[in-house]
Amino acid sequence: MADPLIEAITKWVQAAPEPVRAMIANKTANVTTDKKAKADVNYRPADDPAESCATCTNFDGSGGCDRTSGSIKPTYVCDQHSNGGSSDSASDPDNDGDPGSNEDGADESAE
Ligand code: SF4
């Protein structure tokens with residue numbers, strides 16, 4: 001049996017004026033084509049915390065990802081990992097998301 005909420009939404013969309021249906025179809029197409037399934041991008045537990053979802057620019061910080069569908073754990077990683085163009089963590093050695101400080105709060109750029 002179909003989900004009652006999905007059925008209600010489907011009826012609402014079918015009854016909506018054409019411009020609204022076209023807009024929804026366009027948004028839906030973008031969502032389904034932009035994100036890949038976990039199985040297609042080798043989503044797996046990360047071996048290196050510095051190369052994990054937590055450090056990826058696609059991670060939204062609350063369990064979502066711009067490029068992989070479903071619930072995302074910060075301790076995992078996939079083949080789409082991106083650090084924003086830098087190939088290492090040299091600009092942020094302690095990987096705390098703040099390139100200007102390390103664990104002791106000292107300015108890393110002066111070290
Ligand atoms: S590593 Fe992959 S799944 Fe994780 S946030 Fe980045 S793109 Fe998304």
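1. Two ground rules come before the details. Residues are numbered from 1 along each chain as its sequence is written. In this predicted model, local features need pLDDT of at least 70 and side-chain atom pairs count only at pLDDT 80 or more, while totals for chains, interfaces and linings use all residues.

2. Start with confidence, given as pLDDT (the predictor's confidence in each residue, from 0 to 100). The protein chain has a mean pLDDT of 77, and 68% of its residues reach 70 or more. Please take care with residues 87-111, where pLDDT stays under 50. The model has 22 contacts beyond four places in sequence for that stretch, a contact being two residues whose C-beta atoms, placed from the backbone, lie within 7 Å. Where pLDDT is low, the predicted coordinates should not be read in detail.

3. Next, the layout. The protein chain holds two helices and two strands, and from the N terminus their order is α-α-β-β. Helices (H or I, at least four residues) and strands (E, at least two) are DSSP runs, numbered from the N terminus. Among contacts between residues at least 6 apart in sequence, 50% join residues at least 24 apart.

4. Helix α1 covers residues 4-15, 12 residues in all. From first C-alpha to last, α1 reaches 17 Å, close to the 16 Å expected at 1.5 Å a residue; the expected span is 1.5 Å times one less than the number of residues. Helix α1 lies largely in the open, because the number of its residues that are buried is zero. Here a residue is buried if 20 or more other C-beta atoms lie within 10 Å of its own, exposed if 12 or fewer, and partly exposed in between, with C-beta atoms placed from the backbone. Across the 111 residues of the protein chain, 10% count as buried.

5. Now look at the largest nonpolar core, with eight residues: Tyr43, Cys53, Cys56, Phe59, Cys65, Ile72, Val77 and Cys78. Such a core is a set of buried Ala, Val, Leu, Ile, Met, Phe, Trp, Tyr and Cys residues joined through C-beta atoms within 7 Å. Beyond four places in sequence, Phe59 touches Cys53, Ala54, Cys65, Ile72 and Pro74.

6. Which residues come nearest to the ligand? They are Cys53, Cys56, Phe59, Cys65 and Cys78, out of 13 around it; near means a C-beta atom, placed from the backbone, within 6 Å. The shell has eight nonpolar, four polar and one charged residues. Ala, Val, Leu, Ile, Met, Phe, Trp, Tyr, Cys and Pro count as nonpolar, Asp, Glu, Lys and Arg as charged, and the others, Gly among them, as polar.

7. The loop between α2 and β1 (44-45) is worth a visit, and Asn42 lies there. Asn42 has phi near 60°, a positive value in a residue other than glycine. Asn42 counts as exposed because it has 10 C-beta neighbours inside 10 Å. Outside four places in sequence, Asn42 is in contact with Cys78 and Asp79.

8. Val41 sits in that loop between α2 and β1 too. Is Val41 exposed or partly exposed? Val41 is partly exposed, because 18 other C-beta atoms lie within 10 Å. Its contacts beyond four places in sequence are Lys36, Thr68, Cys78, Asp79 and Gln80.

9. Finally, Asp34 belongs to helix α2 (residues 18-34). Asp34 and Thr68 are 34 residues apart in sequence, with 8.2 Å between their C-alpha atoms.
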